[in-house]
Amino acid sequence: MSSSRLPTLDICFSPELLPVFNLQGRVAVVVDILRATSSIVTALAQGVTHLVPFSELADCQAMAAEGYLTAAERDGQQAAGVDLGNSPFGYLNGVVPVRGRGVAITTTNGTRALHLSAAAEEIVVGAFLNIGAVAEHLRQVGKDVVIVCAGWKGNFCLEDTLFGGALAARLQADFQTTDSDATLAALDLWALAQPDPAAYLLKSSHVRRLNYLEAHKDMEFCMRQDEYAVVPVFRNGQIT
Ligand code: 3SL
């Protein structure tokens with residue numbers, strides 16, 4: 001009798017829960033829909049050569065001396081003394097030419113989640129903008145997957161969980177998605193958010209935070225699916 005089994009797909013709702021996950025031998029899909037991973041995906045799709053994620057603002061700022069563009073967000077706003085904030089439109093509006101440049105980046109939650117996923121066999125950067133490309137990559141790799149939601153300052157958030165549900169829905173035929181209550185809950189949330197997930201997300205705390213910061217158009221952009229085919233991978237300190 002064959003012992004083949006489908007690879008598993010689990011969801012870690014917050015980086016604070018990572019200690020109860022074993023990432024060894026697994027692919028981590030790190031997601032911060034609003035807005036770090038959406039911006040990273042956009043940056044690479046617009047010709048940025050690579051990004052270097054930092055936890056500390058000062059370390060990110062110091063990379064300007066090495067010829068890097070610097071991108072930094074704290075509490076939703078662009079930090080002082082850097083070239084870019086955390087809006088994907090920073091890579092699209094042409095104000096700062098980005099093609100062919102390396103970017104040093106630090107954000108409140110997204111870059112932290114990337115570093116905390118270091119034990120994984122591979123760390124993939126996921127967003128709605130590249131969800132189809134990420135799904136296809138995971139099918140090809142065929143290993144167990146943990147979706148790591150960046151959340152907000154350690155808390156659960158709706159937008160990253162919605163992404164987890166959307167990715168699980170796309171992979172249901174190829175992955176075991178019914179063993180984990182977290183995955184089941186995310187699938188249910190994704191179903192509940194239909195037919196208009198962006199409209200559903202209007203109730204989330206981070207969208208209210210971004211509305212206050214007049215970044216509503218960022219939210220609408222970050223909820224677009226399959227805009228880009230890039231599959232960014234974080235290895236050896238760089239996202240390429
Ligand atoms: O925390 C983060 O990593 C950011 O994505 C937050 S914000 O969307 O820029 O406010």
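Strand β1, which spans residues 9–12, is joined to β8 by 4 bridges, and the two strands run parallel. Within this pairing, aspartate 10 of the predicted model stands opposite valine 146 in β8. Strand β2, formed by residues 27–31, likewise runs parallel to β8 and is connected to it by 5 bridges; here valine 30 has valine 148 of β8 as its bridge partner.

Strand β8 itself comprises residues 145–149, and because 5 of the 5 residues are buried, the strand is largely enclosed by the rest of the structure. The cover extends to both faces, with Val145, Ile147 and Cys149 buried on one side and Val146 and Val148 buried on the other. Valine 146, the residue opposite aspartate 10, and valine 148, the partner of valine 30, therefore lie on one side of the strand, whereas Cys149 belongs to the other.

A search of the whole structure for disulfides returns 0. Cysteine 60 accordingly takes part in no disulfide, the nearest cysteine sulfur being that of cysteine 222 at a distance of 19 Å, and this residue counts as buried because its relative accessibility is 0%, against a cut-off of under 20%. Cysteine 149 is also in no disulfide, and its nearest cysteine sulfur, which belongs to cysteine 157, is 6.5 Å away, where a disulfide would require the two sulfur atoms to be within 2.5 Å. With a relative accessibility of 0%, cysteine 149 counts as buried.

Burial also characterises helix α1, which covers residues 36–45: 9 of its 10 residues are buried, so the helix is largely enclosed by the rest of the structure. The buried residues of α1 are Ala36, Thr37, Ser38, Ser39, Ile40, Val41, Thr42, Ala43 and Leu44. Just after this helix, glycine 47 adopts a positive phi of about 100 degrees.

Helices α5 (residues 158–170) and α6 (residues 181–192) pack with their axes 7 Å apart and at an angle of about 95 degrees. This angle makes α5 roughly perpendicular to α6, since values from 65 to 115 degrees fall in that class. On the α5 side, the contact is made by Leu158, Thr161, Leu162, Gly164, Gly165, Ala166, Ala168 and Ala169, while α6 contributes Thr183, Ala186, Leu187, Leu189 and Trp190. Classified by residue type, the contact of α5 with α6 contains 9 nonpolar and 4 polar residues, and no charged residues.

How values were computed. Residues are numbered from 1 along each chain as its sequence is written. This is a predicted model: local features need pLDDT of at least 70, side-chain atom pairs count only at pLDDT 80 or more; totals for chains, interfaces and linings use all residues. Side-chain values use heavy atoms; hydrogens and water are left out. Axes are lines fitted to C-alpha atoms, for helices over the stretch in contact, and angles run from 0 to 180 degrees between N-to-C directions. Angles under 35 degrees count as roughly parallel, over 145 as roughly antiparallel, 65 to 115 as roughly perpendicular and the rest as oblique. Contact means heavy atoms within 4.5 Å. Ala, Val, Leu, Ile, Met, Phe, Trp, Tyr, Cys and Pro count as nonpolar, Asp, Glu, Lys and Arg as charged, and the others, Gly among them, as polar. Buried means under 20% relative accessible area, exposed over 50%, partly exposed in between (1.4 Å probe, protein chains only). Two strands pair if DSSP finds at least two bridges between them.
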